[in-house]
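Please keep the sequence and the structure in view while reading.

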Amino acid sequence: MTYKSKFGFGCMRLPTTDDNDPTSVNQELFTQMVDLYMEKGFNFFDTSYAYHDGTSETAIRKALVERYPRESFEICDKMPTWLLTNEKDNDKFVNEMLERLGITYFDVFLVHNINTPWLKNAINANTFEYVKKMKEDGIARKIGFSFHEKADLLKEFLEEYGDMFDVVLLELNYLDWEDSSIEAHKCYDLCVEYGLDVYVMEPLKGGVIVNPPEDIKNDFKEFNPDKSIASLAIRFCASLDNVKIVLSGMNKMEDLIDNCDTYENFKPIDKTEEEFLEKMAQKLASKLAVACSECGYCVDSCPEMIPIPEYLSLYNTSKNQPESNIYKLYFEKIADENVAASECTFCGSCIDYCTQQIDIPSVLEEAIEHFENGFSPYK
């Protein structure tokens, strides 16, 4: 397997025409990006029933499936575990995904986000046996699951179901590699132990890695002025032997071009670069108010529908730019247009669904205090 073949197009964060409407996929731009990606010799697309509220799959159909021979590309899709209520749901969702995409089989099919609450849903709906039969019947060529939890749960799950699967889609990046709340290194080693191929999601941790404070940006420029922060982070993941695909979510053409350059001129990460990234991980972790990757699973589980990722992203930005008071205004604007962070009832339902293991109610309280104590942007 060549390093070039490891570049996967993640379709969770596609370009949109309206930042407040995830269904407003910019089809023209996405189609142009698909064409360049395919022209460069890449062909792996990852989506989910949930991405862009269902329009990620239809966007892929329009840009890819209706315009290229089926054998020229691979599609990975995922069962929405949080929606499973009974065995019949398996058929319902799979058929809907196939229809949205306009295909008759998946190259890879995953059970989405195995965590404690959603694992129960999948077991009750007999989803693992259903997915196994999908492979036997040719509806899925490879099967697996995606995973954001810690190593203990992964080990328990693999002991029970590991022989069934081919692939694990794992959150992995240099910031999480030795993080005790994510345990990416331990999880990767478990996947290797069980002989499973590793696909990587969040190589840039939802943009956290490529949007650091200015002093860290300067550290990267000084270390290698000719390469982007993203390229080094992606090479960290793709250099691991058992990693077969690294997904990159791209909503700008320049991001796609930069990633294509990384893989077309790929060099495995060396020891000096590893040591530099280890230092940067420690430095970035010390500056983050909260390590949110903006996946949005917490919002789906919140009874109040608080836009948690928006608040936490703003909190991070404000903490890293203390000289600017404009973020207090942005914080109030989110509250006016959506649901105020102060509406949190501390029910804790979001915590089980957080892929980063964040104590969200407590952090929201910190964010409220931070912005309430901030200066007025008009002073």
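## A buried pair of phenylalanines

In this predicted model, Phe 145 and Phe 147 are both buried.

## Aromatic pairs

Counted by ring centres that lie within 6.5 Å, the aromatic pairs come to 30. One of them joins Phe 7 and Tyr 263, whose rings are stacked, with 4.8 Å from centre to centre and 0° between the planes. Because Phe 7 belongs to strand β1 (residues 7-10) and Tyr 263 to helix α10 (residues 253-264), this pair ties together parts that stand 256 residues apart in sequence.

Phe 7 has a relative accessibility of 1% and therefore counts as buried, and Tyr 263, with a relative accessible area of 2%, is buried as well. The rings of Phe 145 and Phe 147 form an edge-to-face pair, because their planes stand at 85° with the centres 6.4 Å apart.

## An aromatic cluster

Phe 7 and Tyr 263 also belong to one aromatic cluster, which is formed together with Tyr 3, Phe 9, Phe 30, Tyr 37, Phe 42, Phe 45 and Phe 266.

## Negative charge on the surface

On the surface, a patch of negative charge is made up of Glu 178, Asp 270, Glu 274, Glu 275 and Glu 278. Within this patch, Glu 178 sits in the loop that runs between β6 (167-171) and α7 (184-193). Glu 178 counts as exposed because its relative accessibility is 59%, where the cut-off for exposed is over 50%.

Note on methods. Residues are numbered from 1 along each chain as its sequence is written. This is a predicted model: local features need pLDDT of at least 70, side-chain atom pairs count only at pLDDT 80 or more; totals for chains, interfaces and linings use all residues. Side-chain values use heavy atoms; hydrogens and water are left out. Patches are made of residues with over 30% relative accessible area and no salt bridge: like charges are joined within 9 Å, nonpolar side chains (Val, Leu, Ile, Met, Phe, Trp, Tyr) within 5 Å. Accessible areas come from the Shrake-Rupley method with a 1.4 Å probe; for residues, only the protein chains shown count as cover. A salt bridge is a side-chain nitrogen of Lys or Arg within 4 Å of a carboxyl oxygen of Asp or Glu. Lys and Arg count as positive and Asp and Glu as negative; His and the chain ends are not counted. The place of a charge is taken as NZ of Lys, CZ of Arg, CG of Asp or CD of Glu. Helices (H or I, at least four residues) and strands (E, at least two) are DSSP runs, numbered from the N terminus. Buried means under 20% relative accessible area, exposed over 50%, partly exposed in between (1.4 Å probe, protein chains only). Rings of Phe, Tyr and Trp (its six-membered ring) pair if their centres lie within 6.5 Å; planes under 30 degrees apart count as stacked, over 60 as edge-to-face and the rest as tilted.
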